[in-house]
Amino acid sequence: MEYAHGGPILEWDEANEKFFPPKYKGYRCEDTLRVLFNQIIDGVEYSILLPLKNVFLILSRLVVHSQGIIHGDIKPQNILHDSLGRPKIADFGSAVRLEDPKNDKLTCAEGTSYFLAPETQSENLATEGYSAKGADVWAMGVTF
């Protein structure tokens with residue numbers, strides 16, 4: 001396992017109940033954040049470009065999802081930096097391996113409440129379930 005020397009991309013301020021960028025990392029401008037989040041997306045996704053009559057079709061999917069794994073707790077504290085500032089997704093403690101990668105319906109949700117998709121809180125969760133892949137994508141959106 002690689003050591004993520006830089007720590008999390010954002011830190012939690014318990015007293016004020018909010019996230020803040022660590023002062024030493026200098027994440028102050030939109031351009032810097034855009035580069036960082038593009039790196040995170042590149043680390044989580046891969047794209048296949050297919051030529052289709054002079055048009056390129058882009059197919060993307062989450063790498064871990066293609067392996068039948070749901071992270072389940074994507075949030076700023078679980079995105080760390082290595083010594084070169086490259087983001088690394090960490091803490092797979094809430095991860096679930098799907099029995100059938102084509103069926104991503106789960107009937108229970110773990111993770112940090114602020115980053116859980118709304119459908120994970122449904123009254124009918126035990127019977128209807130929710131798209132676990134979609135919930136990971138939701139958590140990435142909230143994080144970004």
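**Figure 1. Asp91 in its loop.** In this predicted model, Asp91 is found in the loop that runs between strand β8 (87-89) and strand β9 (96-97). Most residues other than glycine have a negative phi, and most peptide bonds are trans. Asp91, although it is not a glycine, has a positive phi of about 60 degrees. With a relative accessible area of 40%, Asp91 is partly exposed, because residues between the limits of 20% and 50% are placed in that class.

**Figure 2. The protein chain as a whole, as background to the close-up views.** The protein chain contains four helices and eleven strands, and buried residues make up 32% of its 144 residues.

**Figure 3. The largest pocket and its lining.** Rolling a probe the size of a water molecule over the atoms shows where empty space is left. In this model the largest pocket has a volume of about 200 Å³, and of the 20 residues that line the largest pocket, Ile70, Gly72, Ala109, Glu110 and Tyr130 are the closest to its centre. Helix α4, which covers residues 132-143, gives the most to this lining, contributing four residues. When the lining of the largest pocket is sorted by residue type, 13 residues are nonpolar, four are polar and three are charged.

**Figure 4. The largest nonpolar core, with Leu98 as one of its members.** In soluble globular proteins, nonpolar side chains tend to be buried together. The largest nonpolar core here has eight residues in all, namely Ile70, Leu98, Leu106, Ala117, Leu125, Tyr130, Ala132 and Ala135. Apart from this core lies another one, of five residues, which include Leu10, Leu36, Phe37 and Ile79. Returning to Leu98, and not counting residues up to four places away in sequence, this residue touches Gly68, Ile70, Asn103, Asp104, Leu106 and Lys133.

**Figure 5. The salt bridge between Asp73 and Lys75.** How many salt bridges are counted in this model? The count comes to one salt bridge, and Asp73 forms a salt bridge with Lys75, with the closest N and O atoms 3.6 Å apart. Are these two partners buried or exposed? Asp73 counts as buried because its relative accessibility is 8%, and Lys75 counts as buried because its relative accessibility is 13%; the limit that matters for both is that buried means under 20%.

Figure 6. Lys102 has its place in the loop between β9 and β10 (105-106), and at 81% relative accessibility Lys102 counts as exposed. Although Lys102 and Ser66 are 36 residues apart in sequence, their C-alpha atoms are 9.1 Å apart in space.

**Figure 7. Tyr114 and its contacts.** Tyr114 has its place in the loop between β10 and α3 (125-128), and because its relative accessibility is 56%, Tyr114 counts as exposed. Leaving aside neighbours within four places in sequence, Tyr114 is in contact with Trp12 and Val142. The C-alpha atoms of Tyr114 and Thr143 are separated by 9.7 Å, while the two residues are 29 residues apart along the chain.

Methods
Residues are numbered from 1 along each chain as its sequence is written. This is a predicted model: local features need pLDDT of at least 70, side-chain atom pairs count only at pLDDT 80 or more; totals for chains, interfaces and linings use all residues. Side-chain values use heavy atoms; hydrogens and water are left out. On a 1 Å grid over the protein atoms alone, a cavity is a set of points where a 1.4 Å probe fits but cannot get out, and a pocket is an open set with protein on both sides within 12 Å along at least five of seven lines; lining residues have an atom within 4 Å of a point. Grid points are joined across faces, edges and corners, and a volume is the space filled by probe spheres set on the points. Helices (H or I, at least four residues) and strands (E, at least two) are DSSP runs, numbered from the N terminus. Ala, Val, Leu, Ile, Met, Phe, Trp, Tyr, Cys and Pro count as nonpolar, Asp, Glu, Lys and Arg as charged, and the others, Gly among them, as polar. A nonpolar core is a set of buried Ala, Val, Leu, Ile, Met, Phe, Trp, Tyr and Cys residues joined through side-chain atoms within 4.5 Å. Buried means under 20% relative accessible area, exposed over 50%, partly exposed in between (1.4 Å probe, protein chains only). Contact means heavy atoms within 4.5 Å. A salt bridge is a side-chain nitrogen of Lys or Arg within 4 Å of a carboxyl oxygen of Asp or Glu.
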